[in-house]
Structure formats: C-alpha cells, structure tokens
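Here are my notes on the model. Please read them with the coordinates open.

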Amino acid sequence: MELRQLKQAIVLAETLNFHRAAERLHMAQPPLSTSIKKLEDELGAALFERLPSGLRLTPAGEALVRNARRVMFYTDEIRRAVREGESGEQGQLKVGFVGSASYSLLPLIVRHFRRRYPRVDLVIEESTTVELLRRLENHELDVALVRFPVLVPTEVTLMELQKDILMLAVSADSPLAERDSVSLREVADQPFIVYSRTLVPTMHALTMYVFEEAGIHPRIAQEAVQVQTLLSLVESGLGVALVPGLATRYAGSGVRLLHLDAPSSAINVAIALAAMPDALRPAARNFIELAHEAVAGTAASTAEPRR
C-alpha cells in the first residue's frame with residue numbers, strides 16, 4: 001500500500017467516476033483503474049461497487065477513505081513541520097466561524113493575529129456549528145469559532161471564549177418596542193421566526209429549550225439560517241425572534257432587542273474556540289493563545305473606570 005494509492009482512493013471516493021478522478025489526478029484512466037484494483041487485491045476487499053450508474057463506496061471503502069484522509073493529513077503535517085519549523089510563524093491556517101462571531105469577536109482576533117503573525121496565510125470560512133465541527137473532525141479546518149453549548153456528540157475540544165445571552169427581537173413599531181424586558185409568556189401568541197432545524201440544529205435546539213422552560217409552544221412562522229436574516233424578517237413584521245444579544249449593535253433601526261425575563265441557565269449562550277487536540281499545528285496553537293489574550297485584553301479595558 002502506497003500513499004499514492006491512498007490519495008487516488010480519496011479522489012475516486014469524492015468523484016465516484018474513474019474518468020473525472022483521473023483528470024483531477026493528472027493521469028490516464030487505465031493506470032488509475034489498475035492501481036485501485038491492486039489496492040483492493042492487497043486489502044482483500046472491494047472498495048468500490050461498480051454499478052451501471054457509476055461507482056459507490058462499499059463499507060470497506062468508507063473505512064479506508066476515512067482513515068486514508070487521516071494518513072494524508074499527518075503526512076502533510078510532517079511536510080509542513082519540516083517546512084515551517086515549530087514556530088508557527090508562517091504557512092497556512094484554516095479558520096472556520098459562525099456568522100454571529102463576525103460581529104466583533106472574529107475581527108478582533110484576526111486583527112491581533114495578523115499583526116503578530118503577518119506571514120501566516122489565513123483562510124477564513126463561514127458555516128454552521130455542526131458543519132464546522134464535522135470539518136474539524138475531518139481535519140479540513142484547524143480551528144473554529146462555534147456556538148456554545150454544543151448539543152451534538154463531538155471529538156472536538158471546546159474552549160468558551162465570549163459569553164452572550166439570547167434576547168427577543170421585535171419590530172420597531174411593535175407595542176413592545178419601548179420595553180426593556182419581556183417574558184416569553186407575554187408573546188406566546190406571536191408568530192416566531194426561528195433558526196432552521198436542519199441547517200442550524202444547535203441554535204434551533206437552544207431556542208426550543210428556552211420555549212420549553214417558559215412552558216409555551218411557539219407558533220413558528222418561518223425558519224432561517226443567519227441571524228441577519230432573522231432580524232430582517234422581524235423588521236418586515238413577519239414575527240419576533242430569539243437572537244444572540246451581541247447582534248444588538250448590528251440590528252437596524254427597524255428592530256429592537258429586549259431582555260428576557262427568564263432563568264439565566266436557559267438563555268446563556270457563548271462563542272467557543274473549537275479544535276482537534278491531536279491535530280493542533282503551531283499556527284493553530286498561536287491562534288488559540290492569541291484569541292484568549294485578545295478577549296481578555298478587551299474585557300480588561302472595558303472594565304477600567306473612566307476618568
């Protein structure tokens with residue numbers, strides 16, 4: 001078994017087509033077919049099922065590809081370690097983030113990181129918490145800023161970074177707009193705009209938990225993925241929504257955010273740093289350390305009394 005064959009198996013699993021895989025690998029199709037057949041013979045198991053409609057991974061193939069990705073990851077790690085040394089002052093760092101982290105936290109950390117490590121090439125990608133955790137586990141990202149608490153099983157290590165609370169967003173022309181706080185029971189008959197159950201399951205579940213603690217069954221009018229979309233729909237008068245309090249500074253003039261009269265245990269949320277502990281490269285360690293420094297520095301400056 002050779003690294004070359006593992007890479008070929010990975011690409012073939014992604015394309016499920018010998019011709020397209022051969023093109024991506026910059027080789028002819030017959031040698032690719034021969035190489036995969038030799039790998040199957042060596043392992044004593046079929047990796048791909050040949051169907052009239054194309055290829056399909058067998059259970060043995062899924063197991064091989066899953067572990068082959070890990071092998072290729074650590075092979076690349078060896079190459080990077082030799083090339084970059086142990087300082088983490090150059091190379092590439094892949095950072096994922098949820099949309100709500102872009103309000104203040106992500107710009108703060110990136111600004112400090114770029115100033116300290118200008119030779120590190122940052123690749124920044126937005127997604128949902130569940131997808132970011134999956135990509136971390138597959139070693140497609142180095143570190144990510146995700147919503148916390150996380151309600152799905154994960155191998156990822158989570159480090160709480162920035163505390164937040166859920167608040168109720170209402171339109172500016174709502175009778176509640178002049179209030180500072182409200183209980184959910186007061187708006188139990190209102191249509192609610194909530195996070196998508198399938199695309200943002202963590203925030204959806206957290207929202208449903210708040211409703212359950214309040215003893216109400218919400219009338220859901222619409223689901224959305226991004227907090228900006230929820231706020232826009234609230235502004236349009238479609239309903240009310242529970243959103244992170246940090247969204248306050250980015251809510252338009254047509255939206256008001258009200259504090260919730262609810263147990264803090266129900267509405268406390270946070271942004272956390274997520275990473276695979278066994279796959280931390282020096283640049284990722286530097287990013288995590290600097291992120292904690294940046295947040296601590298901001299908290300300290302905020303706490304200082306004005307003179």
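1. Is Leu16 buried, partly exposed or exposed? Leu16 counts as partly exposed, at 33% relative accessibility. The cut-offs are under 20% relative accessible area for buried, over 50% for exposed, and in between for partly exposed (1.4 Å probe, protein chains only).

2. Ground rules. This is a predicted model, in which local features need pLDDT of at least 70, side-chain atom pairs count only at pLDDT 80 or more, and totals for chains, interfaces and linings use all residues. Residues are numbered from 1 along each chain as its sequence is written, and side-chain values use heavy atoms, with hydrogens and water left out. Helices (H or I, at least four residues) and strands (E, at least two) are DSSP runs, numbered from the N terminus.

3. Helix α1. This helix covers residues 3-15, 13 residues in total. From first C-alpha to last, α1 reaches 19 Å, close to the 18 Å expected at 1.5 Å a residue. The expected span is 1.5 Å times one less than the number of residues. Buried residues of α1 include Leu6, Ile10, Val11 and Ala13.

4. α1 against α3. Helix α3 covers residues 29-43. The two helices pack at about 110 degrees, with axes 10 Å apart. Axes are lines fitted to C-alpha atoms, for helices over the stretch in contact, and angles run from 0 to 180 degrees between N-to-C directions. α1 and α3 are therefore roughly perpendicular to each other; the classes are under 35 degrees for roughly parallel, over 145 for roughly antiparallel, 65 to 115 for roughly perpendicular, and oblique for the rest. On the α1 side, the contact is made by Arg4, Gln5, Gln8, Ala9 and Leu12. On the α3 side, Leu32, Ser35, Ile36, Lys38, Leu39 and Glu42 make it. Contact means heavy atoms within 4.5 Å. Gln5, Gln8, Ala9 and Leu12 are also among the buried residues of α1.

5. Strand β8 (residues 191-195), helix α7 (residues 201-214) and β9 make a right-handed β-α-β unit. Right-handed means that, with the strands pointing away from the viewer, the path from the first strand over the helix to the second runs clockwise. β8 and β9 (residues 219-224) run parallel and are joined by 5 bridges. Two strands pair if DSSP finds at least two bridges between them.

6. Val194. This residue sits in β8. Val194 is buried, at 2% relative accessible area. Its bridge partner in β9 is Glu223. Beyond neighbours within four places in sequence, contacts of Val194 include Met208, Phe211, Ile220 and Leu230.

7. Thr207. This residue lies in α7. Thr207 is buried too, at 2% relative accessibility. Leaving aside neighbours within four places, Thr207 is in contact with Val194, Tyr195 and Leu242.

8. Backbone points to check. Most residues other than glycine have a negative phi, and most peptide bonds are trans. Leu16, not a glycine, has a positive phi of about 50 degrees. Leu16 lies in the loop between α1 and α2 (18-24). His139 has a positive phi near 60 degrees. The place of His139 is in the loop between α6 (129-137) and β5, and His139 counts as buried at 13%. The peptide bond from Phe148 to Pro149 is cis, with omega near 10 degrees. Pro149 lies in the loop between β5 (143-148) and β6 (157-171).
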